[in-house]
Amino acid sequence: MKAVIRFSLLSCFLLASQLSLAAFTLPGYEKYTMENGLDVYLMPQDEVPLVDVVLAVKAGSVSDGSRFGLAEFTTEALKFGAAGKNKIELEDELSFYGADFGGSAGKEVTMLGMSYAKKDGDIILPLMADMILRPDFNQQEIEKYKKRLSALLKQNRESPRAMIGDIFDHLYYGDHPYANPTGGNEKTIATIDRKAIKTFYSNYFQPDNAALIVVGDIDSKAMKAKLAKLFASWRGTAKPQAQLTKAKLPTKARVLLVNKADAKETTFAIGGPGIALGDNDEVPVSVINTILGARFTSWLNDELRVNSGLTYGARSRFDKESEAGTFKISTFTKTATTFEAVDLALKTYQRLWDKGIDSQTLASAKAYVKGLFPPRFETSSQLAGLLARMWAFDLGDEVINDFEAKVAALDIKSANKLAKAKFPASNLQFVFIGKADDIREKAKDYGELTEVEIKDFYH
C-alpha cells in the first residue's frame, strides 16, 4: 500500500514538473474587421462567468498638442453622461450591476475597459456602447472635473515620487511629444473646454482608429451579432496622426534640480536611452534588468536598502514606446545622504560592466521571470489589455508565445554582452527633487545643471 502511495505521489510530482516546463502560450482568439474599419478580437475564457471589454484608440498624450492632459481628460469625460443619461444615472446603473468602467490614456494609446458578469451583458454592453458612441460631454461635469483635477495636481507637488517619471521624461525627451505629461498641468488643464474635448473625440475616436477586444465567458457567434448591432453603425474617419520623429539621444550628462524648499528627502532618477517596443532583445534585457533593479532581491535594492539602509526601496526600469524608450534608476533618501545614495546607485550599476553577471545569478533571474510571466495573463481583464496593446503597437503572438524560449536561450555570454550594449553607460541624465539649497553644489558634479521650482511642472 505504501509503495502504491509513493508511486502515486511520484506520478503527481512528475506530472506537475511536466506542466511547469510547458511553455505558456497565448490562448486562442479570433480577429476580424467590421465594414466600418473597427477591428474586433474575441477570446473565449469560460473559467469564471465574467466578461471584459476593452476599446483601444490610437491616440494619447502625443496627440494633446499644447493642451497637455487632453487625451486623459477626454477619456474621463466619457463618463459624464451618454444617450440622455446623466453621470449619476450611469454610475448608479453600473454600481447596481457591479460593473466596472474606467480608462486611461498613455503616450500613444487610450484604453477604455468594462468588466461585468456574463448574465448582465445584455444591459451593460449597450451601456458601454452609449458611453463610447454617444457621450454628452456635459458642461457642468467638465467644469467640476477641472476643479478636482486642479486640486489633485496641486496635491501631487507634495509627492515627488508621483512626479519623478514625468519630470525625467521632460528632461530626456525635451520638445519631443513623448515629453508631454499624460495628466497635464494646472495651466494646460485650465485651457481644456468642451469644444477641445469634442474635437479630440471627433479626431481620434473613430472606428478605423480603434479596436474592440472581448475576453471572457462568451459565445463568439452570439457576441459577433451583439457587437454588430451595437457598433456596426459607428461611422467616421480618424484624423491622420502626425508621424513621430525619432527622439534625440542626449549628447552630454545633464542634471535637472527641482527645488522643493520644504523637502526633508531627495527623490532622484538616473537614466538614459532605453529600447523601443518590439526590440529583438526586449525579453533578455528584462531578465538582466531583473538582476539589476526589478525585484526585491535585485542588486540595487540589496545595496541601497538592505545593506546600507539608505532607502526603503530602489529600482530600475525600461519604459518603452513605439519609437523610443528610456532606462532609469530611481529611489529616494533623506537629504543628508543624497549623494551617498547616488554614488552607491552608480557604483552598483557599474557592476554590469566591471564584474558582469555570474551563472547562478542569471539562473535565478531566469527562473523568477519565467515564474512571474503566466500570472500576468491569468484574468480576462489582463488578457484583454494584452490584446489591446498588441493591436495598438502591431505586436504579434510571438511576444507571448516565444517569451519563455527567449528567456531559456539567454546564456552568460549573451547576457553580459547585452548588458554592455543596451544599458546606457555615458551621458547619463539626472533628476533631483529636493531642497535645492542643500544639494545644489554637489549636484553640479554630475552634469550640466538646470534648476527649476517644483510648482513649474504642475502650474
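**Close-up views of a predicted model**

**View 1. Strand β10 and its partners.** In this predicted model, strand β10 (residues 265-273) is largely enclosed by the rest of the structure, because 7 of its 9 residues are buried. On one pairing, β10 meets strand β12 (residues 325-334) in the antiparallel sense, over 9 bridges. Look for Pro-273, which stands opposite Thr-326 in β12. Strand β13 (residues 429-434) also runs antiparallel to β10, and 5 bridges join the two.

**View 2. Phe-24 and Phe-373, an edge-to-face pair.** A search of the whole structure turns up 26 aromatic pairs. In the pair formed by Phe-24 and Phe-373, the ring centres are 5.8 Å apart and the planes stand at 85 degrees, which is edge-to-face. Phe-24 comes from the loop between α1 (2-21) and β1 (30-33), and Phe-373 from the loop between α13 (359-372) and α14 (380-392), so the pair ties together parts that are 349 residues apart in sequence.

**View 3. Charged side chains over aromatic rings.** Two spots are worth a visit here. The charged end of Lys-58 sits over the ring of Trp-391, 4.7 Å from the ring's centre. Arg-295 lies over the face of Tyr-368, at 5.2 Å from the ring centre.

Terms used. Residues numbered from 1 in each chain as written. Predicted model: local features only at pLDDT ≥ 70, side-chain atom pairs only at ≥ 80, totals over all residues. Heavy atoms only, no water. Phe/Tyr/Trp six-rings, centres within 6.5 Å; stacked < 30°, edge-to-face > 60°. Helix = DSSP H or I, 4+ residues; strand = E, 2+ residues; numbered from the N terminus. Lys NZ or Arg CZ within 6 Å of the ring centre and 35° of its normal. Buried < 20%, exposed > 50% of the residue type's maximum accessible area, 1.4 Å probe, protein only. Pairing = 2+ DSSP bridges.
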